[in-house]
Amino acid sequence: MTVVTHTYRFTGQGEDFGPRKGAGLVILHTWESAGNTVADALAGLKWQDRDDTAGSYNRVICVDGVVSAVPDDHISGGVNPASTYFKPRAWLFQVLAANKVNDPNSYALQLCAMGQRAAYDKAGWPPAIIDGFARCILEEEARIGGPVVVANHADFQPGNRTDAGDIAMALVKKRYAELTAEVSVADIDTFKLERIVIDAFANIRSAPAENAPLLFQNGDKPSPAISVGTKNGFHAYWMNANRAWGYTSTAANVVSAEPYQNTVEVPTGITQAQLDEAKATSFAAGFTDAKTKARISVEGIK
Ligand SMILES: [Zn+2]
């Protein structure tokens with residue numbers, strides 16, 4: 001599933017420059033407008049499309065979504081190699097072939113954050129934009145089947161560009177590391193897929209113990225979740241937003257629990273095929289083999 005939520009396609013000549021010559025590079029930008037929503041991005045893209053002046057990005061990252069403007073495998077016009085300010089930093093030549101450094105648009109997926117770098121550096125970058133950058137980098141790596149070099153626009157035009165900046169880059173690296181961290185197998189005694197309903201205001205903890213660190217408190221309404229089993233009577237379930245297992249007390253915090261195979265609804269992040277496989281290989285055996293445990297922990301309940 002892609003992070004892209006909206007699509008805009010240019011009609012003129014100066015934005016989509018056709019298929020890329022290659023890959024291996026991602027360049028981060030800021031739009032430098034005040035607005036930072038999808039609506040602001042779509043208005044900005046329409047404005048760019050009014051004439052054939054060069055200038056575009058593949059994706060525009062907003063606080064409420066990501067807009068695809070130039071297909072990922074096409075050339076966008078985010079960097080200007082014809083500018084007198086085009087002086088790529090030395091480190092780029094150490095990690096990329098010179099033809100890529102000197103013609104970055106032809107090899108880069110260009111990601112542009114809506115909003116202003118200086119304002120974000122001062123007030124703090126919106127987590128949604130940092131997350132959008134990181135997930136788009138992951139998607140590009142998945143698309144091309146290998147790692148990419150991530151650079152700032154400022155690394156190519158240091159004399160007249162400062163985007164997206166060192167602060168943004170550090171935050172994106174941190175988020176990328178979080179998203180790619182190894183997922184541990186749940187600490188549980190018995191594997192059993194169950195649809196549970198967690199009580200309002202229940203405490204969700206990072207380990208199966210009452211004194212374990214509190215991850216968060218459930219909202220003011222009961223919430224559904226898919227439990228993979230229990231440890232010391234605490235139900236364990238995978239929280240994709242936290243990239244972590246959460247534990248809740250069976251007696252105090254679970255309003256109801258029913259075997260998962262009796263339900264037909266498929267939760268977000270698990271495919272019907274994965275679910276069927278989990279049922280076929282796990283329910284009968286009581287989730288006892290290590291391979292099944294690992295697969296469910298990594299791919300299953302998200
Ligand atoms: Zn830029």
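The legends below describe close-up views of a predicted model.

Residues are numbered from 1 along each chain as its sequence is written. In this predicted model, local features need pLDDT of at least 70, side-chain atom pairs count only at pLDDT 80 or more, and totals for chains, interfaces and linings use all residues.

**View 1. The protein chain as a whole.** The protein chain has 9 helices and 13 strands. Helices (H or I, at least four residues) and strands (E, at least two) are DSSP runs, numbered from the N terminus. Buried residues account for 37% of its 302 residues. A residue is buried with 20 or more other C-beta atoms within 10 Å of its own, exposed with 12 or fewer, and partly exposed in between; C-beta atoms are placed from the backbone. Of the contacts between residues at least 6 apart in sequence, 73% join residues at least 24 apart. A contact means that two C-beta atoms, placed from the backbone, lie within 7 Å.

**View 2. The packing of α5 on α6.** Two packed helices are described by the angle between their axes and the distance between the axes. For α5 (residues 127-144) and α6 (residues 166-180), the angle is about 60° and the axes are 8 Å apart. Axes are lines fitted to C-alpha atoms, for helices over the stretch in contact, and angles run from 0 to 180 degrees between N-to-C directions. The two helices are therefore oblique to each other. Angles under 35 degrees count as roughly parallel, over 145 as roughly antiparallel, 65 to 115 as roughly perpendicular and the rest as oblique. From α5, the contact takes in Ile130, Asp131, Phe133, Ala134, Arg135, Ile137 and Leu138; from α6, Leu171, Val172, Arg175, Tyr176 and Leu179. These residues divide into 9 nonpolar, no polar and 3 charged. Here Ala, Val, Leu, Ile, Met, Phe, Trp, Tyr, Cys and Pro count as nonpolar, Asp, Glu, Lys and Arg as charged, and the others, Gly among them, as polar.

**View 3. The largest nonpolar core.** This core has 42 residues, and Val60, Ile61, Leu111 and Phe133 touch the most other members. A nonpolar core is a set of buried Ala, Val, Leu, Ile, Met, Phe, Trp, Tyr and Cys residues joined through C-beta atoms within 7 Å. Elements giving two or more residues to it include β2 (25-30), β3 (59-62) and β5 (108-113). The largest share, 6 residues, comes from α5. Leu111 touches Val26, Leu28, His29, Tyr57, Asn58, Arg59, Ile61, Phe133 and Cys136, leaving out residues up to four places away in sequence. Another core, of 19 residues, lies apart from the largest one; Tyr237, Trp238, Tyr247 and Tyr260 are among its members.

View 4. Asp163 and Ala164 are joined by a cis peptide bond, with omega about -10°. Ala164 sits in the loop between β6 and α6. Glu32 is not a glycine, yet its phi is positive, about 75°. Its loop runs between β2 and α1. Glu32 is partly exposed, with 15 other C-beta atoms within 10 Å. Phe201, also not a glycine, has a positive phi of about 65°. Phe201 belongs to the loop between β7 (190-198) and β8 (203-205). Phe201 is exposed, with 12 other C-beta atoms within 10 Å.

**View 5. Asp52 and its contacts.** Asp52 lies in the loop between α1 and β3. Asp52 is exposed, with 11 other C-beta atoms within 10 Å. Asp52 and Gly12 are 40 residues apart in sequence, but 5.6 Å apart in space, C-alpha to C-alpha. Beyond its neighbours within four places in sequence, Asp52 is in contact with Gly12, Gln13 and Gly14.
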